[in-house]
Amino acid sequence: MTGAPLARGARAFIGVLLRLYPASFRTEYGADIRAMFARRWRQTATVAARATLCIDAVADAVRNAPLVHWDILRQDVVFALRAMRRAPALGFTVILVTAIGIGATTAAFSLADHVLLKPLPFRDPERLVKIWQLPRGGGRLEASPANFRDWKEEVSAYESVGAFNAYSANLVGAGDPLRLDGSSVSGELFGVLGVSALIGRTIVPADDRVSAPATVVISERLWRTRFAADPAVIGTTVVLNDAVRVVVGVMPRTFEFPTRTVDFWIPFQFAPEAWVYFNPYLQIVARLKPGVSRAQALAETRKLTEEIARRISRDPDGGRMSANVIGMRDELLPQSRMLLWGLLAASGALLIIACTNLASLLLTRGLARQKELALRAALGAGRHRMLRQMLTENLLLAGVGGVAGVALAAAYVPTLARLVPSGLPISDIPGIDVRLLSMALAVTMASAIGFGLVPALRTLQHADAAALREGARGGSSRRTERVRGMLVIAQVGASVLLLVASGLLLRALLRVQQIDPGFRTEGVVTARTALPLPKYEAVAVRHQFFDRVLGDVRALPGVSNAAYITGLPMLMRGMIWTVSLPGREQLSEFRATVSLRFVTPGFFATMGIPLRAGRDVADSDTQNSLPVAVVSQSFVDRYWPGQNPIGRRFAALGALRGERIVVGVVGNILWRALERNSEPQLYLPSQQVDDGAMVNHMPKELVVKSSLPPASLVPAIRAIVARADPQQPVSDVQRLSDVLDGETAPRRVQVRVLGAFAAIAFLLTAIGLHGLLAYNVSQRAREIGVRLALGAQRRSILAIVMQRGLALAAAGVVIGAALALVAGRLLQTLLAGVSPTDVVTFAAAVGLSVLMTIAGSLLPAVRALRVDPIEVIRAE
Amino acid sequence: MAGDPDVDDLLPLPPATFHILMALADEDRHGYAIIQEIAARTDGALRLSAGTLYRSIQRMIDQDLIIEVHERPAPEEDDERRRYYRITRFGTAVARAEAKRLQALVRLARLSGFVPRSAS
């Protein structure tokens, strides 16, 4: 009959449709549905009728298959919830472990992504580079205006080149005077970046000409807070540092260049005499021409810079200067980059620990339920059905854990973000976006399926009739034991690695915190009054202000001293000046550099810097009196070692023409940073400078030593300043101790983050070890009982359990320590001189691991000791 | 059993479920027979698809409304594998409760004038 091949075709057709249904349903009803279809197929004769039949069948399957899936899912979820309610501790542990693993990974990844990978918010950001001068000794140096001009006009690799520089100013007008961070920019800068204004326009080359009217572009934040987001602000004028400027544009909120705190941009308007080579203060951004590589640009820029340096330098060695071209995305300190990789590695280690723990937990659960599964199999439940059910259960647990993990990550990303200094023009707090969420989802699914499916399959393999036998030992094979042992070794190894890494960072932090900065911070509060020009150009005028403020502040009850200085240690790092000594003009450039500050009398006493010899600067050191100087001990050690410096002469070059006489010697302080060498220090009386000269060295930091809490002192200081000059803002009010703490803040965050990772890893490992040993003991209860019955000592039973734990831990410690040696070497840039093989740290990590092993083994060991031989043997 | 909260939990019944229970009221039937019986009872107005039938059956077994009986009545004209389903006591109780619920509903509809008098 012709129906036979047709029937075969129909069979294949219905077979495909049946694939839409869950396997368990197909096994159960597939044959019936197939038979029913076959019967109707035979009953229809025409092609049209059969086509209708097929369409009906497709519609039927498409409608019902999802409903069957849904039915099963609902059933499994209900079942899983019931199982979880029966053993809440286990379910909770699985969720917690998943949450920690996923949370840590997501947070670390989002931060790394944000800092290392995310494109900068400019047009074609991959074509943006920064150009630095490269001093002969290495490192990098800002560019001088003449360098900027050369690169802009003569290097063909660049489409455009722009310059910028930090510039702060006082904004005066309606409301309180305000100190704002801003930036001076060359006319090309906005074009180089490829950004446009929110309203109005950006700064353009025409604004940058000397003769052009003074303009300013403001930030969206300033526009909102100061100008009520009024679009009519365009064309109005503002007063910045006594200069009247026309507002020509507002930049969008996303434009955070060069830093997040910038509120305005003004054109440089370089004067003709500004185009020199010896005044490096500009940062340079350039846009490569399409198709030009960074290497090509580097070669061309270097060649030009070195040629010019040779031409203008009288040094027979040729040019001292070269140039370096760095991708804008790569403008990140090596330490920050290292830290990010470290963070990623740490979170990876944590994820491995979490996943192995998860696998171990699920394996335990699977084994514990072997009897239940065997029973269900015996009652006719299909393997597919049981597998699916276990998978649903694991996915549910992992899903809850994953959601908790993402919440955890969202909560901790801001803390992690503080690890990375805000050197890049991107917002400080990374967001958690779709890509990250899908990554978290993938990790969750992978850990649930990878670490849930394998145990489930293994369990099902063992779920045979044998498991049902009374007294059966649950079928824990030797291989399962070995796998679990290896998982514990991996966990111990990873946690030793994290312990050593965080221990090394902690030692580095302690070492840095113990560094003596050379000054005392107790009770010292600082505030900034940056005086505007040209109002305060004359020394006498600004000293009226200083004298009035200092006099009133010193008169406050509880204040013991107060002074003004150019810049605070750790905050103003530069201000390097060159000196020459009579008869020693051949001093190399490096040897001649000192760190210069102008101070008012009382600065050393206020800061607790000891006066070693001679006297402090005095009110009597004026423009008309003998030029004097106070120098640091390191200054003496360098230029007059072993001699009495008082009364000796030297010359400060540049704008400070003429000789100075040393009248005092004070202790060294660390100007640059706790962890860097500082140049010898030179302090000059604030009155001994020509009017209008060295105005960026003008004292602006007020330091006050008092016994008052800052909360009551600061309002008094503000009132005093307002009385001295109502238009003068007070900014950057802080305790000196906070300045110092700021130095170690990144290290403290490092230690806290990595320490938290290590603590979590440690805890998870203890849980894993405990779980394994506890299971081990329960599996061997019969053996232990028999041994006890045969007269074994309790002590030897204890030894059996502890031995296993210690053996696993020892293997883990060896592996972890070996990895830690490698990691320590990689971390070396962050270690502040602490040896990567620091014995104390390694000993502490190993000791902690041993303690953890003992703690993890204790409960199972006690349980082993409680085994009642009679009970066990009777159960046989 | 009427007051059993389990019974009320299942109400109202999906129409397919109620029809299957009615088809099994007097005798055990296999799947195809259930479809035919329902078609006959409704004068061909309702013809369950295979998917709907077995999805309902799977759920009804889980809910203890019906059981699968493995005994086979005398084979008819073909050799298909036949699985027979039987209504349980619980299934009967649920069907009764559903009928009662529908009755009460019809009574309400009649009071609203939605049911023509001749139909009673």
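The model is predicted, so local features need pLDDT of at least 70 and side-chain atom pairs count only at pLDDT 80 or more, while totals for chains, interfaces and linings use all residues. Residues are numbered from 1 along each chain as its sequence is written, and chains are lettered from A and ligands numbered from 1 in the order in which they are written. Chain A holds 22 helices and 21 strands, whereas chain B holds five helices and three strands; helices (H or I, at least four residues) and strands (E, at least two) are DSSP runs, numbered from the N terminus.

**The chains as a whole**

- In chain A, 41% of the 876 residues are buried, a residue being buried if 20 or more other C-beta atoms, placed from the backbone, lie within 10 Å of its own, exposed if 12 or fewer, and partly exposed in between.
- In chain B, 24% of the 120 residues count as buried, and the elements follow the pattern α-α-β-α-α-β-β-α along the sequence.
- Of the contacts in chain A with a separation of 6 or more, 82% are between residues 24 or more positions apart, where two residues are in contact if their C-beta atoms, placed from the backbone, lie within 7 Å.
- For chain B, residues 24 or more positions apart account for 58% of the contacts with a separation of 6 or more.

**Where chain B touches chain A**

- On the two sides of this interface, 14 residues of chain B are in contact with 18 residues of chain A.
- The elements of chain B that give two or more residues to its side are α3 (31-41) and α4 (50-62), and α4(B) gives the most, with eight residues.
- The residues on the chain B side divide into three nonpolar, five polar and six charged, with Ala, Val, Leu, Ile, Met, Phe, Trp, Tyr, Cys and Pro counted as nonpolar, Asp, Glu, Lys and Arg as charged, and the others, Gly among them, as polar.

**A helix pair in chain A**

- The axes of helix α5 (residues 145-154) of chain A and helix α8 (residues 294-312) of chain A come within 11 Å and cross at roughly 135°; axes are lines fitted to C-alpha atoms, for helices over the stretch in contact, and angles run from 0 to 180 degrees between N-to-C directions.
- Because of that angle, α5(A) is oblique to α8(A), given that angles under 35 degrees count as roughly parallel, over 145 as roughly antiparallel, 65 to 115 as roughly perpendicular and the rest as oblique.
- From α5(A), N147(A), D150(A), W151(A) and E154(A) meet T301(A), L304(A), T305(A) and I308(A) of α8(A), and the residues of this contact divide into three nonpolar, three polar and two charged.

- Strand β20 (residues 701-706) of chain A is mostly covered, with six of its six residues buried.
- E701(A), V703(A) and K705(A) point one way from β20(A), while L702(A), V704(A) and S706(A) point the other way.
- Strand β11 (residues 524-528) of chain A pairs with β20(A) in the antiparallel sense over five bridges, two strands being paired if DSSP finds at least two bridges between them; in this pairing T526(A) stands opposite V703(A).
- Strand β12 (residues 559-565) of chain A also runs antiparallel to β20(A), joined by six bridges, and Y564(A) stands opposite L702(A).

**The sheet of chain B**

- Three strands of chain B form an open, antiparallel sheet in the order β1-β3-β2, with β1 (29-30) and β2 (66-69) as edge strands that each pair on one side only.
- Four bridges link β2(B) to strand β3 (residues 84-87) of chain B in the antiparallel sense, and the bridge partner of I66(B) in β3(B) is I87(B).
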